[in-house]
Amino acid sequence: MQLAKVQHEVRMAGAKLPPIALPTNCPGCGVSLDPETLRKHAYVCECGHHFRLGADAWIILLADRGSWHERWGDVRSHDLLNWKVPKPYQATIDQLADEGLNEAVRTGTCTLGGRPIWLAAFDFRFVGGTLSIVAGERLARGMEQAAASGLPYLLVSASGGARMQEGVLALMQMAKVNAAVGRLHSSGVPFFSVLTDPTFGGTAASLALLADINIAEPGAAIGFTGPRVIKQATYADLPAGFQSAEFQLARGQVDMVVIRTELRRLLAHLLEMYP
Amino acid sequence: MTRHGRRLEETTLTVWQVVELARHASRPYSLDYIRRLAPDFIELHGDRISADDPALVAGVGTWHGRTTVFLGHQKGRSLKERVARNWGMMHPEGYRKALRLAHHAAKFGFPIISLIDTPGAYPGAGAEERGIAAAIARAIMEWFRIPVPIVAAVIGEGGSGGALGMGVADRVIMLENSIYSVASPEAAASIVWRDNSRKVEAAEQLQLTSRDLLAMGVVEEVVPEPEGGAHMDFDAAARVLDEALFRHAQPLLAQPADVLLQHRYERFRYIDSLIHAEPHFGPKID
């Protein structure tokens with residue numbers, strides 16, 4: 001990896017990335033990690049291991065400095081089904097809000113390389129990046145506005161699927177969002193999807209794999225059913241690399257696997273090619 | 001509750017008893033209903049790309065004097081048939097077969113009836129290798145573009161994305177003892193508790209019975225079943241279902257395609273509006 005280029009890319013993107021929770025050693029190569037060095041390299045280890053980023057980091061990484069304009073950030077989830085055990089859902093979401101997280105999806109407008117776009121980023125730290133009513137609403141509204149205004153739509157996903165604690169209404173978000181994806185496509189605006197680790201279940205089976213161009217991060221796990229459930233249900237031995245980004249590339253589900261430090265440059269170029 | 005037929009009464013069943021009825025081994029399956037709704041039903045096979053998925057039956061039949069496309073998850077009755085039907089769990093080829101028949105219906109202006117009865121899409125390695133996530137995603141998106149009336153009915157289990165992949169319709173109704181859920185109670189327990197033996201508690205919290213879904217505004221109607229459940233009298237269950245399906249299909253048949261598609265969009269786009277107005281309407285556990 002060319003570290004000089006990495007630094008340039010990250011600086012170009014805007015402010016410094018926020019600190020993230022890191023293990024002591026890299027799960028990819030075992031090297032002892034220096035958070036400050038890693039932060040300058042968009043949290044990609046020299047061995048190529050990509051650490052998970054929250055929505056806040058993605059916005060800083062992709063939006064031109066000062067261009068981010070968040071939308072519908074005040075629409076918040078609450079416990080609609082009176083979900084009590086093992087942990088009250090309301091307590092779960094209140095606690096996450098206290099930690100400064102604002103739902104599993106944040107969306108808004110920004111520029112990327114000077115081009116105005118709609119950006120939506122999942123946050124895996126918020127109940128596993130699960131699709132909720134609020135997440136679905138932010139996605140659908142953003143896509144409707146992108147279609148109406150002609151702005152390209154950029155998605156960064158990291159999600160375990162639909163949120164159990166919102167029951168069948170969470171499932172229905174897949175239909176709500178895909179209705180909007182269909183209209184986004186009909187409107188002719190470009191839709192680019194960046195699939196990060198992990199993207200599963202109702203998110204993989206709704207908007208994440210339906211873009212004009214699907215881009216995956218190296219090593220990201222992408223699929224419908226998680227490996228634990230597949231093993232439970234079928235007693236199958238899954239080969240190493242099953243459901244990885246590279247596996248999905250070989251099977252025709254994604255267009256390319258792109259290292260995070262090259263992503264911004266690639267997206268800026270794509271936005272020029274798909275005006 | 002219903003304007004015709006038997007009135008839907010309060011139930012004394014527990015949530016788990018409803019789950020067990022929805023999965024009852026003697027319960028009528030899609031073909032049991034389809035052959036009663038359209039005795040001249042002709043089954044059609046294949047996704048025209050690589051395979052035929054036996055977990056989904058598809059075909060055409062004459063229904064109330066009109067050629068209609070029928071789609072339905074099909075579980076097996078005997079062990080051999082269950083294996084052959086893969087317990088009604090579709091592979092990617094099944095969703096492609098469904099879309100092929102949807103475009104077939106669009107070409108000829110045939111309405112579509114979709115019967116839902118699946119634990120979920122197949123959670124196996126082969127389905128993953130052949131792109132089950134994208135197959136479901138594409139199906140859900142494409143249903144919004146099929147310019148003919150679609151009425152769906154959950155007749156047993158409405159399990160997760162595998163059910164929703166067949167459940168985008170202008171009207172969605174449920175049989176009284178059917179369930180529709182974000183995940184099976186076992187899967188939800190496994191996700192939330194990391195222990196799938198907590199399935200009963202999970203089922204109680206998920207609000208997955210037909211009455212729950214009607215109250216949430218996710219389905220238009222709950223269709224009463226014969227005393228004791230649909231398995232007690234296939235003919236009577238099919239008659240009531242037929243009447244309800246036709247009552248919902250009839251006004252749709254007269255609608256111009258653009259109106260139909262706009263209403264279908266709005267049905268799902270604002271499907272959570274009722275619960276936002278009235279949170280906590282169905283508390284079960286305190």
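Guide: The expected span of a helix is 1.5 Å times one less than its number of residues. Helices are DSSP runs of H or I with at least four residues, strands are E runs of at least two, and both are numbered from the N terminus. This is a predicted model: local features need pLDDT of at least 70, side-chain atom pairs count only at pLDDT 80 or more, and totals for chains, interfaces and linings use all residues. Residues are numbered from 1 along each chain as its sequence is written, chains are lettered from A and ligands numbered from 1 in the order written, and side-chain values use heavy atoms, without hydrogens or water.

Start with helix H6 of chain B, residues 132–143. Its 12 residues should span 16 Å at 1.5 Å a residue, and the end C-alpha atoms lie 17 Å apart, which agrees. H6(B) is mostly covered, with 11 of its 12 residues buried (under 20% relative accessible area; over 50% is exposed, in between is partly exposed; 1.4 Å probe, protein chains only). Among the buried residues are Ile132(B), Ile136(B), Ile140(B), Met141(B), Glu142(B) and Trp143(B).

Now compare helix H10 of chain A, residues 260–273. It has 14 residues and reaches 20 Å from first C-alpha to last, close to the 20 Å expected. Its buried residues include Arg260(A), Leu263(A), Arg264(A), Leu267(A), Leu270(A) and Leu271(A).

Next, packing. Axes are lines fitted to C-alpha atoms, for helices over the stretch in contact, and angles run from 0 to 180 degrees between N-to-C directions. In chain B, helix H2 (residues 30–37) packs on helix H11 (residues 234–253) at about 70°, with axes 9 Å apart. That makes H2(B) roughly perpendicular to H11(B) (65 to 115 degrees; under 35 is roughly parallel, over 145 roughly antiparallel, the rest oblique). Contact means heavy atoms within 4.5 Å. H2(B) supplies Asp32(B), Tyr33(B), Arg36(B) and Leu37(B), while the H11(B) side includes Phe234(B), Leu241(B) and Leu245(B). By class, this contact of H2(B) with H11(B) has 7 nonpolar, no polar and 4 charged residues. Ala, Val, Leu, Ile, Met, Phe, Trp, Tyr, Cys and Pro count as nonpolar, Asp, Glu, Lys and Arg as charged, and the others, Gly among them, as polar.

Helix H6 of chain A, residues 167–187, packs against helix H12 of chain B, residues 257–269. The angle is about 135° and the axes are 8 Å apart. That makes H6(A) oblique to H12(B). Their crossing is left-handed. Met172(A), Ala175(A), Lys176(A), Ala179(A), Ala180(A) and Arg183(A) meet Leu261(B), Gln262(B), Tyr265(B), Phe268(B) and Arg269(B). The classes come to 7 nonpolar, 1 polar and 3 charged residues.

H6(A) also packs with helix H7 (residues 201–208) of chain A, at about 20° with axes 9 Å apart. H6(A) and H7(A) are therefore roughly parallel to each other. The crossing is right-handed. Met174(A), Val177(A), Asn178(A) and Val181(A) of H6(A) touch Gly202(A), Ala205(A), Ser206(A) and Leu207(A) of H7(A). This contact has 5 nonpolar, 3 polar and no charged residues.

Now the backbone. Most residues other than glycine have a negative phi, and most peptide bonds are trans. Val85(A) to Pro86(A) is cis, with omega near 0°. Pro86(A) sits in the loop between strand E1 (69–71) and helix H4 (89–98) of chain A. Asp197(A) and Pro198(A) are also joined by a cis bond, with omega about -15°. Pro198(A) lies in strand E5 (residues 191–199) of chain A.

Trp87(B) has a positive phi near 55° and is not a glycine. It is found in the loop between H3 and H4 of chain B. Trp87(B) is partly exposed at 38%. Asn86(B) counts as buried at 14%. Gln207(B) has a positive phi of about 55° too. Its place is the loop between H9 and helix H10 (210–216) of chain B. Gln207(B) is buried, at 2%.

Methods
Left-handed = near helix turned anticlockwise from the far one by under 90°.
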